[in-house]
Amino acid sequence: MLNKKILKSILNVKHTAIDGMGILPDGSLAVMAHPTKGAQCRCGKCGRKASYYDKGRGSRSWRTCDWNNRKVYIVADAPRVCCPEHGVVTAAVPWARHGSRFTREFEALATWLAMTCSKTAVAALLRISWNTVGPIISRMRGELDPNPAARLENLHRIGVDETSYKKGHKYITIVIDHDTGKVVWAHEGHGKTIFTKFFRLLTKEQLANIKLVSGDGAKWIQECIDQSCPQAKRCIDPFHVVQWANEALDEVRRAAWRDAQKQAKDSPKRKRGRPRKDAPRKDTTAKDLKGSRFALGKAPEHLTDKQQAQLTFIAKSDKRLYRAYLLKEKLRLIFQCADVSTAKAELDGWIKWAQHCRIKVFVELQRKIRRHYDAILATMEYHLSNAVLEATNRKIQLSVYMAYGFRNIDNLIDMIMLRCSDIDVRLPWNYEAA
């Protein structure tokens with residue numbers, strides 16, 4: 001029998017008395033223990049002293065970290081107490097959280113692994129079901145993040161975006177603080193109703209401190225800003241503005257490809273036999289246009305030799321498509337202007353050019369940019385983009401992929417806050433070192 005002090009040191013528990021040790025029928029190790037006198041008869045929810053009620057359902061077991069290849073359990077009685085605030089609840093134990101069948105050290109290890117490894121790796125290493133990891137993550141978040149409202153203090157520049165987490169148009173709305181680059185709020189759903197819930201969490205002083213709000217071109221973002229913090233300026237992410245131009249350019253490219261394909265079908269077919277030297281060659285315009293999407297979408301400085309040749313061919317064969325390409329490039333370069341006055345003059349010139357370009361999709365695009373004119377100028381003035389938020393969305397997508405999806409949205413939101421906010425998640429032995 002190991003010395004009780006050594007057992008207590010290995011289990012890494014406090015306010016605990018070791019009674020003995022045994023082997024269960026399945027080969028697992030059982031350590032019998034009980035809380036010390038000062039830790040007995042405490043409410044499992046608030047931790048305050050309470051009166052003894054009954055012995056509950058007898059003894060319980062709590063899974064702790066394995067010893068080599070052996071599962072280890074702490075076995076102890078679980079009486080119930082009568083708390084003045086929470087009523088009759090199971091008494092607290094110093095080695096585990098209320099409502100959990102795992103020790104604090106085991107849950108800290110499971111949470112760190114869930115943020116680092118895949119579902120299969122966590123389930124295989126810890127020998128538990130993946131469905132039990134979600135509640136563990138939620139309990140860890142509740143302890144490591146006792147005051148989420150403190151994260152909403154001193155917000156000056158925020159960004160909002162939605163990301164899909166499940167098939168069927170299931171979205172999560174994310175709000176980040178641009179000054180820290182961390183997520184400050186996450187909620188299921190998207191749209192005006194959801195973003196309004198975020199503003200309702202803020203006091204009048206906190207709303208008055210918000211100066212800039214970045215996002216995409218969704219109308220509900222501007223509506224929420226006008227309703228909750230009208231003094232804040234909205235900034236549209238440059239990536240989304242250039243994306244609008246790329247989508248318009250791609251629509252022009254598809255139309256040009258269809259026209260070229262139709263023209264090739266209408267041209268007379270070549271007769272059998274070897275063609276004459278002066279015979280017209282087969283029209284390959286449709287084929288060349290079909291493979292030019294990346295050449296048109298990339299910046300000129302990143303083009304390969306083959307893509308540059310494709311662009312040269314388009315400039316000679318399809319003036320309308322090449323004009324659309326120049327419009328896209330001009331809009332992209334506007335966001336690289338050094339000062340706001342130059343950018344404003346360039347944007348006004350682009351709008352005038354697009355208005356008279358005789359390309360329907362770009363005429364519609366300039367109208368859309370007119371509607372977001374002030375937000376685009378604010379983006380150029382303050383150089384605020386949603387790049388950090390897009391990177392956060394990538395982390396969220398990676399978390400969903402590693403977990404093979406989340407059935408419980410609350411567990412997913414807790415995982416997002418643990419991974420992307422300012423919560424410090426460590427391995428269990430690193431908590432002791434700190």
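Author: The questions and answers below concern a predicted model, and they turn to its nonpolar cores, its cavity and its aromatic pairs.

Reader: Which residues touch the most other members of the largest nonpolar core?

Author: The model is predicted, and its largest nonpolar core has 40 residues. Within this set, the residues that touch the most other members are Leu347, Trp350, Phe362 and Ile369.

Reader: Which helix gives the largest share of this core?

Author: The elements that give two or more residues to this core are H8, H11, H12, H13, H14 and H15, where H8 covers 238–266 and H15 covers 373–382. With 9 residues, the largest share comes from H8.

Reader: Which residues does Ile369 touch, if residues up to four places away in sequence are not counted?

Author: Ile369 belongs to the largest nonpolar core, and contact here means heavy atoms within 4.5 Å. With residues up to four places away in sequence left out, the residues that Ile369 touches are Val241, Leu331, Leu347, Trp350, Ile351 and Ile376.

Reader: How much space lies in the largest cavity, and how do the residues of its lining divide?

Author: The structure holds 1 cavity of 30 Å³ or more, and about 40 Å³ of space lies in the largest cavity. Its lining includes Ala114, Trp130, Met415 and Arg419, while helix H16 (387–402) and helix H17 (409–420) each supply at least two of the lining residues. The lining residues divide into 7 nonpolar, 1 polar and 1 charged.

Reader: Why is the pair of Phe195 and Phe198 stacked?

Author: Phe195 and Phe198 are 3 residues apart in helix H5 (residues 192–200), so about one helical turn separates them, and both are buried. Their ring centres lie 6.1 Å apart. Planes under 30 degrees apart count as stacked, and because the planes of these two rings stand at 5 degrees, the pair is stacked.

Reader: What is the angle between the planes of Phe195 and Phe199?

Author: Phe195 and Phe199 are also in helix H5, 4 residues apart, and both are buried. Together with Trp185, Phe198 and Trp220 they form one aromatic cluster. The rings of Phe195 and Phe199 are 4.6 Å apart centre to centre, and the pair is tilted, with an angle between the planes of 55 degrees.

Key
Residues numbered from 1 in each chain as written. Predicted model: local features only at pLDDT ≥ 70, side-chain atom pairs only at ≥ 80, totals over all residues. Heavy atoms only, no water. Core = buried A, V, L, I, M, F, W, Y, C linked by side-chain atoms within 4.5 Å. Buried < 20%, exposed > 50% of the residue type's maximum accessible area, 1.4 Å probe, protein only. 1 Å grid on protein atoms, 1.4 Å probe; cavity = no way out; pocket = protein on both sides within 12 Å on 5 of 7 lines; lining within 4 Å. Points joined across faces, edges and corners; volume = space filled by probe spheres on them. Nonpolar A, V, L, I, M, F, W, Y, C, P; charged D, E, K, R; others polar. Phe/Tyr/Trp six-rings, centres within 6.5 Å; stacked < 30°, edge-to-face > 60°.
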